[in-house]
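Open the model in a viewer and keep the selection tool at hand. The stops below go one selection at a time.

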Amino acid sequence: MADMEVIDMASSGRYTRPNFNLLLLIVHQLGLKLYTVEGVWPLPQSFTSSAERYSLNPQAFHFGYGGQSAAQQGCSVLDAAFKRYVSLIFPDYISASVVPRFNEDKPFTLRISVDRDDCNSYPNEDSSERYNLSVSARRASLHAETVWGAVRGLETFSQLVYQDDFGSYFVNKTEIEDFPRFQFRGILLDTSRHYLPVQAILKTLDAMAYSKFNVFHWHIVDDPSFPYQSRTFPDLSSKGAFHPMTHIYTQSDVRRVISYARLRGIRVLPEFDSPGHTKSWGKGQSNLLTPCYKWGTPSGTFGPVNPALPSTYQFMERLFKEVSSVFPDSYIHLGGDEVDVSCWRSNPYVRAFMEKMGFGEDFTKLEAFYMEKIVNITSALNKISIVWQDVFEYHEQRSSLSVVEVWREGCYLCEVHRVTKAGLRVILASPWYLDQPGPTHNWARFYTVWPLAFKGTEEQKKLVIGGEVCMWGEYVDATNLTPRLWPKASAAAERLWSDEKQTASVDEAFPRLQDFRCKLLRRGIQAEPLYVGHCRHEYQGV
Amino acid sequence: MSSINMTASLKFAALLLVFSACRGFQYNDVDIDEEAELVAQPSKYGSLWPLPQKVQISEVSFKLTSITFKIVDAKASSAGPSCGLLQDAYRRYYEYMFGGAKRQGPSKSRRAGPSEVTELQVWITSPDAECDGYPGLTSDESYELSVDQPYAVLKAPKVWGALHGLETFSQLVYEDEYGAKSINSTTVSDFPRFAHRGILLDSSRHFLPIKVILANLETMAMNKFNVFHWHIVDDPSFPYLSRTFPQLSQQGAYHPYTHVYTPADVKMVIEFARLRGIRVIPEFDTPGHTQSWGKGQADLLTPCYSGSTPSGTFGPVNPILNTTYDFMKQFFKEISAVFPDAYVHLGGDEVDFTCWKSNPDIQRFMEQHGFEQDYSKLESFYIQRLLDIVTATKKGYVIWQEVFDNGVKLKSDTVVHVWIGSETNEEMRKVTAAGYTTILSAPWYLDYISYAQDWQKYYKVEPLNFDGTEEQKKLVIGGEACLWGEYVDATNLTPRLWPRASAVAERLWSAKDVTDISDAYNRLSMHRCRMVERGIPAEPLFSSYCPREYKGF
């Protein structure tokens with residue numbers, strides 16, 4: 001097949017007509033501007049490359065396990081990765097058995113060795129993603145502490161390979177030592193405001209792996225709908241989903257997402273946001289939400305979760321017990337944001353409870369009381385909880401909190417400073433609300449973010465464990481999710497992975513990101529353009 | 001035969017069971033109040049979009065089934081089986097209504113029920129149906145629809161009205177609680193408020209594969225748009241493959257083979273559009289916005305000077321060379337033959353005079369012609385010669401507003417396209433006061449995006465909201481939603497355009513007093529779900545769901 005392609009190109013293109021653009025491309029290649037290690041997104045921490053290049057033939061290319069590697073053939077994560085990456089490295093390559101190639105092509109082997117056999121585990125907060133990659137004549141070696149690091153290294157290798165105008169594949173002599181700047185690099189998808197078909201989630205996981213994201217924050221339920229099919233409380237989705245059959249995630253859907261993510265070194269962090277953002281929960285679980293009152297009688301509408309009833313905590317305990325066993329990650333997101341207390345205030349039973357507890361008129365105390373209980377429930381299940389910054393702000397007993405996600409606009413670094421000063425870990429989301437397109441199409445605003453640019457001790461800075469791109473669902477569903485997310489999320493990905501000094505310039509990043517978005521298109525990811533221009537292979541869908 | 005029918009009806013029964021089960025689930029125990037917050041309320045006009053001029057929907061409902069229902073030519077119709085345009089449309093709408101379901105056996109074997117619509121009879125009433133013609137600015141797009149049992153009748157003077165009527169009929173069909181197709185007894189009398197209802201797509205800043213263009217023509221028809229303004233070339237690239245000057249795309253396209261529109265592609269677009277009652281107006285914008293032209297046509301652009309020597313860069317088309325006009329003559333001769341529409345868009349916007357000013361030959365020419373330092377006079381000189389050239393090809397023309405603003409002498413039948421966002425009403429007043437026909441785009445630049453429901457902003461525009469006489473207002477023939485291509489290509493075009501452009505569609509089609517935003521929201525939510533169901537990734541208006549979500553990955 002590759003031979004056919006070459007003949008085709010020669011007779012129709014290059015030799016019939018001198019073309020300024022093509023000449024430029026060649027100059028670029030010789031000057032090694034486009035097709036060197038700089039073509040890797042996000043930029044590796046340390047690398048050297050030379051103009052020396054080696055041709056690769058898909059049929060004489062092999063993956064292999066190093067003799068010293070703790071993981072060997074049969075490692076589920078790496079075997080699956082080899083299968084994926086052979087077609088990512090050679091996008092035109094269809095089948096090995098079609099056309100016999102010239103024998104003169106010497107084999108090229110990418111040998112992988114890892115220090116630990118963690119093939120059957122899940123990636124977690126402590127997983128090393130460090131890897132070393134060395135490409136030389138006829139072989140490359142990839143060394144990592146864990147299989148997750150090896151998966152990152154494979155992604156890098158796939159981005160180092162390029163095609164010339166005749167379709168032949170090349171890779172340059174390269175040495176890379178790489179590791180992420182932040183341990184937590186996430187993307188939030190909201191499947192409550194609009195239901196996202198599983199296929200849309202899996203596609204996003206693919207694209208996340210291409211940008212070395214490692215956490216899928218699944219904001220699975222919220223006010224508008226409850227698509228998670230709980231085995232303990234099936235009514236939650238049968239009554240709270242947009243549709244009880246077609247707009248839900250079954251247990252097997254969830255398992256599929258988790259295992260798909262695992263193979264790509266991505267953690268799945270579920271969020272069950274309460275006590276606010278729970279309207280849809282009330283449809284399938286009576287007495288869970290607070291009845292709001294008007295003129296002394298129930299108005300028929302409902303507010304946040306009712307914190308005054310013991311049954312609430314019994315319910316939550318059972319639900320979180322289930323969730324903890326379904327989702328293997330050691331973190332769980334408990335939400336806790338944007339609680340509207342007016343309904344609580346209207347309810348005489350809630351007020352009586354306030355009095356009994358000595359909260360006076362301070363409803364933040366009630367919120368704190370509720371969150372404390374939920375945090376304790378999940379701690380007892382051995383989960384580390386993440387909460388939105390609101391909880392940090394109203395919570396007096398901050399010692400019970402662990403990780404705070406900062407999401408509000410304004411001086412978000414001030415908040416990062418406060419949270420880290422209290423000794424809590426931080427995930428930063430404020431600068432990366434991608435669902436808000438804004439008046440400009442400026443991708444750079446997601447790139448020129450400096451998460452540690454606050455006055456604080458080294459200890460404080462270490463508490464910033466990472467950041468997260470949020471794609472809220474008010475205006476987003478499967479029709480527009482992918483182009484809204486990519487390649488803007490990739491800008492955030494580089495900020496979270498790469499060295500800040502080496503990636504401070506928007507001008508230097510721009511052509512690299514343009515190149516990377518064409519790679520995404522080539523891989524079938526519907527990533528939107530940054531500006532005027534073209535990709536050799538345009539998106540062919542609608 | 002009968003055994004086949006047995007299986008078919010058994011399957012049908014099974015389907016019914018499934019449907020009733022889900023529906024039961026969905027509607028039992030649902031808190032009505034909360035439902036109101038999440039899901040649009042049904043409008044009394046159902047999912048009609050854009051809203052017809054006159055419509056009456058009664059409570060009486062009839063069934064339709066894929067087995068008995070047919071769309072047929074009425075006996076008295078002036079169009080028959082030889083009218084491919086209509087036959088194609090019958091099939092298209094049959095498939096939209098019944099989800100591509102095929103007839104399962106002869107209709108004889110299944111008797112139509114008592115309250116069933118079994119036929120939509122399409123009656124073209126004027127002697128010339130215009131079946132093989134092209135739609136134009138003055139085409140009659142009106143139609144009348146009456147839905148009754150056992151027959152529904154769609155009457156239209158021309159095929160163009162019939163196409164719109166078929167779309168309306170398909171929008172009246174809904175699923176009852178058992179999933180069966182139903183339609184209410186309805187009468188519609190409809191015609192567009194404005195004759196020119198367009199969408200501009202820009203295939204120069206990013207190349208748009210043909211498939212994307214066709215999908216959007218299809219969606220335009222669902223929204224009763226009737227003009228595809230094809231901004232086909234511009235500074236960044238020249239994808240139009242010219243038979244006369246093939247080097248324009250050879251050198252000026254992003255890629256000479258993969259990023260061009262061949263004559264066959266262009267033909268396909270025009271025919272696809274015609275079959276949906278859509279005109280294709282190509283824009284070849286000059287003298288500015290022409291950087292890509294210069295790559296394949298030497299001496300066409302003005303060489304810019306820095307000091308007394310050419311700087312190596314080029315400006316707008318060079319208006320002082322005879323060769324320029326010879327080129328334009330041949331080029332527009334080709335264009336007038338390739339594009340059948342009576343109009344061509346000549347652009348004329350955003351001409352940067354600095355390069356002209358730098359060029360000593362141009363300065364000399366200005367002097368000779370007594371233009372002094374007024375470069376708009378030079379622009380005027382160029383445009384007038386261009387207009388003469390285009391007039392000779394028997395085409396009318398549209399130009400962007402600056403040509404008028406710069407005082408270029410225009411022919412009285414010129415169409416002025418208003419696009420500048422500030423003082424738009426004043427511009428509309430001036431252009432119409434000068435007696436020119438006008439198209440409005442200024443409030444409908446859909447490439448600008450903002451958070452939240454910006455469709456409402458497009459919806460609330462009233463095109464005739466400027467000071468002027470009745471005569472002046474009549475000169476406003478319509479408007480266009482523009483989707484410029486700086487940040488748009490095949491990856492994001494469709495969801496960015498739809499359903500935001502649908503808001504413009506209703507403003508241009510429906511009566512002036514159709515302004516109820518919450519009724520519009522209710523209908524548009526359903527209309528967007530219908531587009532999604534028809535395979536178009538139209539983005540959501542707000543938190544909600546469609547019964548059948550987008551599946552095209």
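This is a predicted model: local features need pLDDT of at least 70, side-chain atom pairs count only at pLDDT 80 or more; totals for chains, interfaces and linings use all residues.

**Stop 1: a contact between chains.** Select B:R496, which lies in helix α17 of chain B, residues 493-497. Is B:R496 buried or exposed? Its relative accessibility is 9%, so B:R496 counts as buried, the cut-off being under 20%.

**Stop 2: a glycine in chain A.** Go to helix α4 of chain A, residues 147-160, and pick A:G153. With a relative accessible area of 0%, A:G153 is buried. Show what surrounds this residue: beyond its neighbours within four places in sequence, A:G153 contacts A:Y131, A:L133 and A:L142. For a distance to display, take the C-alpha atoms of A:G153 and A:S141; 9.8 Å separates them, and the two residues are 12 apart along the chain.

**Stop 3: the nonpolar cores.** Which residues have the most contacts inside the largest nonpolar core? Select B:F169, B:Y240, B:F284, B:F331 and B:F332; the core they belong to has 152 residues. Helix α12 of chain B, residues 375-392, supplies the largest share of this core, 9 residues. A second, separate core has 139 residues, among them A:V147, A:V257, A:V464 and A:V476.

Leaving out residues up to four places away in sequence, B:F169 touches B:L64, B:F69, B:M97, B:L120, B:L145, B:V147, B:A152 and B:I183.

Key:
Residues are numbered from 1 along each chain as its sequence is written. Chains are lettered from A and ligands numbered from 1 in the order in which they are written. Side-chain values use heavy atoms; hydrogens and water are left out. A nonpolar core is a set of buried Ala, Val, Leu, Ile, Met, Phe, Trp, Tyr and Cys residues joined through side-chain atoms within 4.5 Å. Buried means under 20% relative accessible area, exposed over 50%, partly exposed in between (1.4 Å probe, protein chains only). Helices (H or I, at least four residues) and strands (E, at least two) are DSSP runs, numbered from the N terminus. Contact means heavy atoms within 4.5 Å.
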